[in-house]
Amino acid sequence: MNEEKNTGDKDKIEDKYFKQSIPGLNRLLNILGIPGEIVSILPNEYQNYRDETKTMDLVFDLKSKETLNLEFKSTYVKKEDIEKSLDYATYLRIKYKQKTNSYFISTVQKKDSEYEDEWHNDNRYKIPLKTFKEFNGEEHLENLKDLLEKNEIDDETEELNDLLLIPFMESDKSPKELIVECITLANQIRTVNRDKLNDIKNLLLFLATKYTDTDEEFDEIERLVKMEGGMIQNTIKHFIRIGKQEGIDLEKQKGERKIKIIERELKEKGIEPKAIENAIKKAENETQKL
């Protein structure tokens with residue numbers, strides 16, 4: 001199912017997760033207040049003077065002709081983390097001959113902070129820490145739902161990439177619950193390129209490997225991803241087919257029974273009650289017209 005979950009290498013999921021989406025990364029920088037616009041992803045491995053292979057999380061070339069190194073931390077920052085980041089910064093400065101900025105991106109610490117240590121010629125090198133926990137995931141979800149209700153989401157909507165960030169944010173809900181809500185919301189969007197939405201949902205599915213404990217939990221999220229955003233529209237089409245098959249004199253009792261069955265199935269798939277209610281009303285109206 002997922003090699004990451006089986007190997008136990010869950011601490012490296014974040015950098016692999018974000019490496020797949022430059023739009024999501026630029027939104028990440030924007031939200032966390034990290035200056036710069038990403039042009040490309042740079043190699044993240046190098047050989048040190050001891051001929052040891054060192055691996056950084058994410059390294060970028062910025063539009064400002066600077067290098068940016070992001071180190072994701074799902075634990076609290078330790079002294080050795082600071083020393084490694086200093087080594088990385090030294091290598092990147094020599095390799096690319098341009099200014100290098102380093103940041104810790106935390107998924108656990110509650111507040112932004114800053115670390116510094118001695119560097120060259122008694123200079124101090126500062127490494128800011130930015131944390132997702134400074135932001136409320138449920139507020140960002142509500143904002144997206146509001147944009148969706150107002151029909152204000154399209155391919156250029158920056159907030160759409162918040163779906164990739166919300167699972168890391170502060171919330172009374174677990175990351176797994178937030179992942180499910182983000183996928184469910186993506187399934188309801190009709191005004192965005194389907195490939196783009198599928199990319200977002202598949203990335204969220206990959207992230208779920210970190211926050212699901214059993215194959216059954218993961219499989220349930222995978223089924224939600226594969227709904228392809230068509231559940232509500234398919235429900236309406238289903239009712240139209242019923243009307244065509246059974247005629248205008250469709251028995252009220254039979255129609256209500258089918259409504260209940262589909263309503264139950266939608267709830268089991270995580271579709272919100274309000275969305276179910278709207279779908280049923282639309283379906284009833286379409287059936288009555290027939």
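Which residue forms a salt bridge with Glu52? In this predicted model, the partner is Lys54, and the closest N and O atoms of the pair are 3.9 Å apart. Glu52 counts as partly exposed because its relative accessibility is 32%, and Lys54, at 28%, counts as partly exposed as well.

Side chains of opposite charge can pair when their charged atoms come close. A search of the whole structure finds 13 salt bridges, and one of them joins Glu158 to Arg27, with the closest N and O atoms 3.4 Å apart. Glu158 lies in the loop between H5 and H6, whereas Arg27 belongs to helix H3 (residues 22-32), so this pair ties together parts that are 131 residues apart in sequence. Glu158 is partly exposed at 44% relative accessibility, while Arg27, with a relative accessible area of 13%, is buried.

Where they meet, H5 contributes Leu141, Leu144, Lys145 and Leu148, and H6 contributes Leu178, Glu181, Cys182 and Leu185. Of the residues in this contact, six are nonpolar, two are charged and none is polar.

Another salt bridge is formed by Asp146 and Lys150, whose closest N and O atoms are 3.1 Å apart; Asp146 is partly exposed at 33%, and Lys150 is partly exposed at 48%.

Note on methods
Residues are numbered from 1 along each chain as its sequence is written. This is a predicted model: local features need pLDDT of at least 70, side-chain atom pairs count only at pLDDT 80 or more; totals for chains, interfaces and linings use all residues. Side-chain values use heavy atoms; hydrogens and water are left out. Contact means heavy atoms within 4.5 Å. Helices (H or I, at least four residues) and strands (E, at least two) are DSSP runs, numbered from the N terminus. Ala, Val, Leu, Ile, Met, Phe, Trp, Tyr, Cys and Pro count as nonpolar, Asp, Glu, Lys and Arg as charged, and the others, Gly among them, as polar. A salt bridge is a side-chain nitrogen of Lys or Arg within 4 Å of a carboxyl oxygen of Asp or Glu. Buried means under 20% relative accessible area, exposed over 50%, partly exposed in between (1.4 Å probe, protein chains only).
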